[in-house]
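Here is a short walk through a predicted model. Keep the sequence and the 3D view side by side as you read.

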Amino acid sequence: MIDTLMLIDDENLFHLVFEDACSLLDMALSIEALDSSDKAAEMFKKWFPDDPNHEKPECVFVDLNIIGSSFDGIEMIRKINHEYGNGCVVGIISSSQDEQEIEKAKLVGAQFWIIKSDDIEPRLEEFKKDYEGYKARTAPFKVYR
Amino acid sequence: MIEITEHTRNVLLEVAKKRKVYVEGNFLKILKAPSGDTEFEEYLKVCKEKDSDKRKQRLEITKQIQKQNSELEQAAKENKRVNRQLEKALEETEGARQKAEELLISSKTHFRNAEKKEKEQNQKLTEALKEAEEAHIETQRLKLEAENAKSKAEQDLSLLQKKTQTELMGNIVRVALWVIMGVGLVTTALYVFVMMRGLDAKIIESTWSNLFGILLTNSFSIIGTIMGVKHATKEK
């Protein structure tokens with residue numbers, strides 16, 4: 001089970017869906033949902049330079065297009081991996097299946113891409129199975145369709 | 001995992017029994033029943049089932065709301081698109097209406113101009129017709145005059161011809177009579193001379209007689225011819 005999980009998505013309703021789905025699947029113990037990449041960036045800024053091992057989430061799910069934010073999910077992942085320090089499992093959760101975007105995400109260090117849809121649970125369940133591989137950085141990049 | 005104290009355990013069980021209040025949420029995931037405590041294990045199982053049921057219910061409702069939201073967003077997009085189309089159609093209609101009005105005004109102006117032009121043309125045509133009629137009347141009058149003139153000229157010519165003919169005939173008759181009279185007188189004078197002189201008058205006698213007969217015959221022949229010609233001309 002993931003200890004702490006962060007979701008960055010502008011759709012508040014999806015926060016509830018994601019939390020309930022994760023809870024039912026016993027996927028995460030604690031979930032923090034944010035609706036802005038700017039807020040998330042502020043938090044990561046505080047966490048990593050001063051105390052790299054404190055409060056950082058174990059895994060981060062980022063939406064591709066975060067309406068109302070200064071940057072999108074791919075930039076968020078780039079910042080997490082290259083500006084604030086690598087250390088957590090990070091990937092995209094989006095309804096988009098754009099191959100170019102997927103490639104971009106891969107290049108900035110995303111470890112997975114989950115296609116968001118009404119029936120999200122089977123993909124999360126599959127992700128849960130692969131999670132240990134992501135944590136150990138041994139699992140390859142995967143798209144959950 | 002957290003293993004709770006007996007007191008907490010008893011309180012939780014009592015609250016569940018008496019007030020039907022159970023522990024819920026992710027906290028359940030870190031609670032652990034003391035080993036061998038089947039009652040508390042059962043309690044945790046019930047708590048988890050209740051929590052799971054609630055979450056399932058909420059997830060279902062949230063998904064429905066999400067779906068409805070998505071449909072509403074889609075409908076809103078469609079509405080927006082339809083509105084845009086309607087606005088566009090309205091603009092086009094307005095443009096067409098303005099164009100139609102302009103055309104109508106232009107048509108009216110053209111119609112008025114055409115009407116005016118037609119009136120002017122009609123007036124001109126009436127005038128031209130009137131002029132033509134007048135010209136026709138004038139032509140008729142001139143024609144009549146010309147015909148009259150022609151008739152008069154013809155009459156004059158005829159009269160002149162007749163006069164000329166008459167004069168010619170008169171001249172012919174006069175000359176013929178003079179010739180006849182001259183020949184008669186010469187012959188008579190010659191006969192008289194021969195008789196007075198006592199010369200042989202046999203030849204001149206018969207000559208005179210023949211000549212006289214011929215002259216008379218010719219005279220009457222000439223007169224007859226002239227009369228005949230005159231009569232024939234008159235008939236024409």
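Begin with the sheet of chain A. It is open, has six strands and pairs them in parallel, in the order β2-β1-β3-β4-β5-β6. Strands here are DSSP runs of E of at least two residues, while helices are runs of H or I of at least four, and both are numbered from the N terminus. Two strands pair if DSSP finds at least two bridges between them. In general, strands of a sheet pair through backbone hydrogen bonds, either parallel or antiparallel.

Which strands of chain A stand at the edges? They are β2 and β6 of chain A; each has a single partner strand, so one side of each is left without a neighbour in the sheet. From one strand to the next, the twist averages 20 degrees. Angles run from 0 to 180 degrees between N-to-C directions, and axes are lines fitted to C-alpha atoms, for helices over the stretch in contact.

Now look at one pair of strands. β3 (residues 59-62) and β4 (residues 89-94) of chain A run parallel and are joined by four bridges. F61(A) stands opposite G91(A) in β4(A).

A model of this kind comes with limits. Because it is predicted, local features need pLDDT of at least 70 and side-chain atom pairs count only at pLDDT 80 or more, while totals for chains, interfaces and linings use all residues. Residues are numbered from 1 along each chain as its sequence is written, and chains are lettered from A and ligands numbered from 1 in the order in which they are written.

Next, the helices of chain A. Chain A has five helices and six strands. From the N terminus on, its elements run β-α-β-α-β-α-β-α-β-α-β. α5(A) lies across β1 (2-8), β4, β5 (112-115) and β6 of chain A, and runs at about 175 degrees to β5(A). Of the 145 residues of chain A, 39% count as buried. Buried means 20 or more other C-beta atoms within 10 Å of the residue's own, exposed means 12 or fewer, and partly exposed is in between; C-beta atoms are placed from the backbone.

Two loops of chain A deserve a look. D26(A) is in the loop between α1 (12-24) and β2 (28-34). Its phi is positive, about 55 degrees, although D26(A) is not a glycine. D26(A) counts as partly exposed, with 15 C-beta neighbours inside 10 Å. R137(A) is found in the loop between α5 (121-135) and β6 (142-144). R137(A), also not a glycine, has a positive phi near 60 degrees. R137(A) is exposed, with 9 other C-beta atoms within 10 Å.

Turn to where the chains meet. 12 residues of chain A are in contact with 14 residues of chain B; contact means C-beta atoms, placed from the backbone, within 7 Å. On the side of chain A that touches chain B, α1 and β2 each supply at least two residues. The largest share, eight residues, comes from α1(A). That side divides into seven nonpolar, two polar and three charged residues. Ala, Val, Leu, Ile, Met, Phe, Trp, Tyr, Cys and Pro count as nonpolar, Asp, Glu, Lys and Arg as charged, and the others, Gly among them, as polar.

Finish in chain B. Helix α1 (residues 6-19) and helix α3 (residues 38-197) of chain B pack at about 55 degrees, with axes 11 Å apart. α1(B) and α3(B) are therefore oblique to each other. Angles under 35 degrees count as roughly parallel, over 145 as roughly antiparallel, 65 to 115 as roughly perpendicular and the rest as oblique. R9(B), L12(B), L13(B) and A16(B) of α1(B) make the contact with E39(B), F40(B) and Y43(B) of α3(B).

Notes
Two residues are in contact if their C-beta atoms, placed from the backbone, lie within 7 Å.
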